[in-house]
Amino acid sequence: MKPQRIVVAVLAIVLLAAGCGRDGGTTETTESRTGSSTTSGDFGTLANVCQSGNPSGAPAQGVTDTEIDVGVFTDTGFTKNPDLVDAAKVFTSWCNAAGGINGRKVVANLHDTKLMEVRQRMLEACREDFVLAGGSAALDSLGVKDRLSCLLPEFPAQVSQTANTGSDLQVGAGAAVSENVNPYTGFQDWLINEAYPDSKGAIGMIVGDNPITKVMAEKLDESLTAAGAKVAYNDLYPISGVPDWTPYAQAIKSQNIKGLIFYGDFRYLAKLEDVLTGMDYKLDWIDANANSYNQTFLDEAKGSLGFQNNVLDMSGTAPLDAADKVPAVQELKDLFQQYAPGSPITFQVLRAFQSWLLFAKSASSCGNELTRKCIYESARAETDWTAGGLVAPVDLSKPLADQPRCFNVQQAGPDGWHSADFGADTDGLYRCGFTPYRYTGDFGTPTTLADVGKSMADLN
């Protein structure tokens, strides 16, 4: 590969998975001064997420009597994607205007991995931060052992690789599902058994040729087969993309594929759909996946949106078109308009803001004696967590892989993403109660404290 093609290929991997420092690193800091506490610290159904106070002392690393240092991982230096940075800016600006965490200002230390520098940034976070919140890195397995070695709790927006997904000291609504289960089981079964049963024996998968997405495809193939479906077409494409998607479209048409799963850059999916539409071939459904929940995909695929049926699973996250039903969604829109006007609210932003809220709610409950043990145990004690209304209820005291889950479907049209008719039974937004399929294949395991010679007894 030529150098330029290598860069494009690696960028595609990052998009599949999602999304300057002290001591010579590249950490940046986003700060917002606490105001006069005239701003409400309530969010949705959550009261006093942020509030003023008179804190004293420095009970933990990254915590002083005036500030709390929170690390935010991002690949933005490579992807140029500002979603997680925007979420950190909006949350800290709002929270600090409401008085901070019991009077302590929240400072977001942005750890830009530039894709490959995950371990370097994690070592910095281990020296500086109280916890990690609202972040994500495509190659997150590179830093998980260091994070656990320094006993750094994480409230991630999104996790990517097996070693980090569901690892210890990680808590969040939907962000830390074990790699041993398929969290999209409910959505999958709705597609093939209820909404489009004729597609069950004619499913196609097109996957980027890299280790991350190839494993994802292997797991999904197992899950679909166990559900009685047939993957009739399975193909790879060069991760740097192809100049012409016609051969893939012709293969889909010749094999009469009715449902398509695409693991890759959503921009490539838009190009493939343009070719399929030009051939007048319409699938029953295309799983565009949640990374396509943004305006960029809608713009790139606008020539096909009135013809192809793009759907995705929000995995129990309230969509933007629910603002009239869920006050928290409208509040988030208002906060972005106030603190980051013009910045889009994507699926990654929705996930990040949920994580920030869990961090703040848990930290606030600890009062003046804010320690890592307290914040982690407080978060894990949430048995009916909804992030103020941004997510379907989840019990964070139990492993997410071992409890019934919720799904909700968005469908793309010329007027944008909107809620599909999928049989919502909870708050008119979600369909709840499915049990995630548990894989039988060996796809690796998440990293534990025991793997680095630690235990929960070491957490202070």
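Two strands pair if DSSP finds at least two bridges between them, and the strands (E, at least two residues) and helices (H or I, at least four residues) named below are DSSP runs numbered from the N terminus. The model is a predicted one, in which local features need pLDDT of at least 70 and side-chain atom pairs count only at pLDDT 80 or more, while totals for chains, interfaces and linings use all residues. Residues are numbered from 1 along each chain as its sequence is written, and side-chain values use heavy atoms, with hydrogens and water left out.

**View 1. Strand E2 and its parallel partners, E3 and E4.** Strand E2 (residues 67-74) is joined to strand E3 (residues 105-112) by eight bridges, the two running parallel, and Gly71 stands opposite Asn109 in E3. Strand E4 (residues 131-133) also pairs with E2 in the parallel sense, over two bridges, with Val131 of E4 as the bridge partner of Val70. Seven of the eight residues of E2 are buried, so the strand is largely enclosed by the rest of the structure; here buried means under 20% relative accessible area, exposed over 50%, and partly exposed in between, with a 1.4 Å probe and protein chains only.

**View 2. Phe359 in the largest nonpolar core.** A nonpolar core is a set of buried Ala, Val, Leu, Ile, Met, Phe, Trp, Tyr and Cys residues joined through side-chain atoms within 4.5 Å. Leu357 and Phe359 touch the most other members of the largest such core, which has 103 residues, and helix H12 (residues 347-365) supplies the largest share of this core, 10 residues. Apart from this core lies another, of 22 residues, among them Tyr196, Val207, Leu224 and Trp285. Beyond its neighbours within four places in sequence, Phe359 is in contact (heavy atoms within 4.5 Å) with residues including Ile68, Val70, Val106 and Val131.

**View 3. Thr92 in helix H3 (residues 83-97).** Thr92 counts as buried because its relative accessibility is 0%. A polar atom of the Thr92 side chain lies 2.7 Å from the backbone oxygen of Ala88, and the side chain of Thr92 also reaches the backbone oxygen of Lys89, at 3.3 Å.

**View 4. Positive phi at Leu151 and Asn256.** Most residues other than glycine have a negative phi. Leu151, in the loop between helix H5 (144-149) and strand E5 (154-155), has a positive phi near 60° and counts as buried at 11% relative accessibility. Asn256, in the loop between helix H8 (246-254) and strand E9 (259-263), has a positive phi of about 55° and is partly exposed, with a relative accessible area of 41%.

Conventions:
Polar contact = N/O pair within 3.5 Å; in protein donor to acceptor, adjacent residues only side chain to side chain.
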